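Visitor: I have a structure to go through with you. Could we begin with the terms and then turn to particular residues?

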Amino acid sequence: MSKSPLTTQLQRRERRVLTDDVADSIREAILSGRIKGGDRLIEDDLAESLNVSRGPIRQAIFRLEQEGLVVHETHRGATVTQVSVEDASEIYSLRQALERLAIRSACERAQAEDLAPLEAILLLFQSIPRASMTRRRVAELDIDFHDALFRAARHARLYKAWEALRSQIFVFLLLRDGLPADYLTSWYRDHSRLLELVRTRDAEVAEATIAEHIGGAYKRLQEHMAEEEVLRIRAS
């Protein structure tokens, strides 16, 4: 029996417990586009590729399903989720609600040590030469910043809800190509503003500001998806 292309696309990472290792490898292949939306995840092929048994593969796929990166279909088994306009609408409306609660909670509960990771991410962003900044690197820093913000909220159940969306949002951040210079400038300005509002504990303004911030991200995503749909129709 011939091997699936997946068997040459994955490399096992030697860290943490086995299920974490396997989930990381499959997640990275999905986020990098090496495994694409609609592709089937065949347990035997993945187990052979990563040199593990089917048990950790099955557990990793279940974890990725919880993250929204994988969907289980009755007649096809596990497949990589394909992004739709409806998905984007649901995810960003939920993200909007979670982020507003997160920044309000951070304004009320965050301690100095909670703000240090946010400050470090902004310093790292500034230290990276603009010529070497990539879409993926900005997306990683964006997710890291918002992850740190949710941690600063000191709200365990809220953080769990964010974890369920985090990988899907990362996929959306990677969809658009290119990095206009004004985007890098606005990224730093907007995230610095969010940190400053948490630091000064201005919850009302912080909540309104992050609502506008997430709304802007969703608008850019809608524009991109509309453009892609036009190109798809023209090509068909």
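Guide: A residue counts as exposed when its relative accessible area is over 50%, as buried when that area is under 20%, and as partly exposed in between. Please note that this is a predicted model.

Visitor: Is Asn51 buried or exposed, then?

Guide: Asn51 is exposed, because its relative accessibility is 64% and the threshold for that class is over 50%. The residue sits in the loop between helix 2 (43-50) and helix 3.

Visitor: What is the phi of Asn51?

Guide: Its phi is positive, about 60 degrees, although Asn51 is not a glycine. As background, most residues other than glycine have a negative phi.

Visitor: And what about Arg201, where is that one found?

Guide: Arg201 is in the loop between helix 8 and helix 9 (203-235). Arg201 has a phi near 60 degrees, again a positive value in a residue other than glycine. With 43% relative accessibility, Arg201 counts as partly exposed.

Visitor: Which residues is Tyr92 in contact with, sequence neighbours aside?

Guide: Beyond its neighbours within four places in sequence, Tyr92 is in contact with Ile169, Phe172, Ile214, Ala217, Tyr218 and Leu221.

Visitor: At what angle do helix 4 and helix 7 pack?

Guide: Helix 4 (residues 85-109) and helix 7 pack at an angle of about 135 degrees, and their axes are 10 Å apart. Helix 4 is therefore oblique to helix 7. The crossing is left-handed. By class, the contact has 13 nonpolar, one polar and three charged residues.

Visitor: You mention Glu99. Is it buried or exposed?

Guide: Glu99 is buried, because its relative accessibility is 0%. Leaving aside neighbours within four places in sequence, Glu99 is in contact with His146, Leu149, Phe150, Trp162, Ile210 and Ile214.

Visitor: Turning to another pair, how are helix 5 and helix 6 arranged?

Guide: Helix 5 (residues 112-127) and helix 6 (residues 135-152) pack at about 165 degrees, with axes 8 Å apart. Helix 5 is therefore roughly antiparallel to helix 6, since angles over 145 degrees fall in that class. Helix 5 passes helix 6 in a left-handed crossing. By class, their contact has eleven nonpolar, no polar and three charged residues.

Visitor: What surrounds Val198?

Guide: Val198 lies in helix 8 (residues 181-199) and is buried, with a relative accessible area of 2%. Apart from neighbours within four places in sequence, its contacts are Ile103, Ala106, Cys107, Ala110, Leu115 and Leu149. Val198 and Glu140 are 58 residues apart in sequence and 21 Å apart in space, C-alpha to C-alpha.

Visitor: One more: how far apart in space are Gln59 and Ala23?

Guide: Their C-alpha atoms are 8.2 Å apart, with a separation of 36 residues in sequence. Gln59 lies in helix 3 (residues 54-66) and is partly exposed, because its relative accessible area is 45%.

Definitions and conventions:
Residues are numbered from 1 along each chain as its sequence is written. This is a predicted model: local features need pLDDT of at least 70, side-chain atom pairs count only at pLDDT 80 or more; totals for chains, interfaces and linings use all residues. Side-chain values use heavy atoms; hydrogens and water are left out. Contact means heavy atoms within 4.5 Å. Axes are lines fitted to C-alpha atoms, for helices over the stretch in contact, and angles run from 0 to 180 degrees between N-to-C directions. Helices (H or I, at least four residues) and strands (E, at least two) are DSSP runs, numbered from the N terminus. Angles under 35 degrees count as roughly parallel, over 145 as roughly antiparallel, 65 to 115 as roughly perpendicular and the rest as oblique. A crossing is left-handed if the near helix is turned anticlockwise from the far one by less than a right angle, and right-handed if clockwise. Ala, Val, Leu, Ile, Met, Phe, Trp, Tyr, Cys and Pro count as nonpolar, Asp, Glu, Lys and Arg as charged, and the others, Gly among them, as polar. Buried means under 20% relative accessible area, exposed over 50%, partly exposed in between (1.4 Å probe, protein chains only).
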